[in-house]
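Please look through the structure below before reading on. The text goes from the whole chain to single residues.

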Amino acid sequence: MSSPQICVQELSKTFHVPVRSEGLVASLKSLGRRQYQDVEAVRGISFDIQAGEVVGFLGPHGAGNTTTVMMLSGLLLPSQGDAAVL
């Protein structure tokens, strides 16, 4: 059997995003000193796809589908893990 064409091992992506405060006064205060939180978009996925396989990538909205495809295409760098395509 040949080696996998797509090999993903423990792939993760975390975004560092600012916390949005409600209200005008809180928004103005946050301009000077922002607070941030980490948001996990993809958490530790692993899979292999062999040559000639036809697969579907399904999941609910907000599950990290687009983020994973963007990491596989090279548009985003993963926070952790390895992804090899061809």
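**From chain to residues**

Read along the sequence, the protein chain of this predicted model follows the pattern β-α-β-α-β. In total, its secondary structure comes to 2 helices and 3 strands.

Overall dimensions come next. The radius of gyration of the protein chain is 18 Å, whereas a compact globule of 86 residues would have one near 12 Å. The C-alpha trace spans about 65 × 25 × 20 Å along its principal axes. Of the 86 residues in the protein chain, 14% are buried. The chain exposes about 6800 Å², and 55% of that area is supplied by carbon and sulfur atoms. Among contacts with a separation of 6 or more, 71% are accounted for by residues 24 or more positions apart.

One part of the surface lies around helix H1. This helix covers residues 24-32 and contains Leu28. Leu28 counts as exposed because its relative accessibility is 53%, and the cut-off for exposed is over 50%. Together with Leu24 and Leu31, Leu28 makes a nonpolar surface patch of about 360 Å².

Apart from neighbours within four places in sequence, Gly44 is in contact with Glu10, Leu11 and Ser12. Gly44 is also 7.5 Å from Gly81, C-alpha to C-alpha, although 37 residues separate the two in sequence.

Note on methods:
Residues numbered from 1 in each chain as written. Predicted model: local features only at pLDDT ≥ 70, side-chain atom pairs only at ≥ 80, totals over all residues. Heavy atoms only, no water. Patch = residues over 30% accessible without salt bridge, like charges linked within 9 Å, V, L, I, M, F, W, Y side chains within 5 Å. Areas by Shrake-Rupley, 256 points an atom, 1.4 Å probe, with all protein chains shown as cover. Salt bridge = Lys/Arg side-chain N within 4 Å of Asp/Glu carboxyl O. Helix = DSSP H or I, 4+ residues; strand = E, 2+ residues; numbered from the N terminus. Buried < 20%, exposed > 50% of the residue type's maximum accessible area, 1.4 Å probe, protein only. Contact = heavy atoms within 4.5 Å. Rg over C-alpha atoms; globule rule 2.2 N^0.38 Å.
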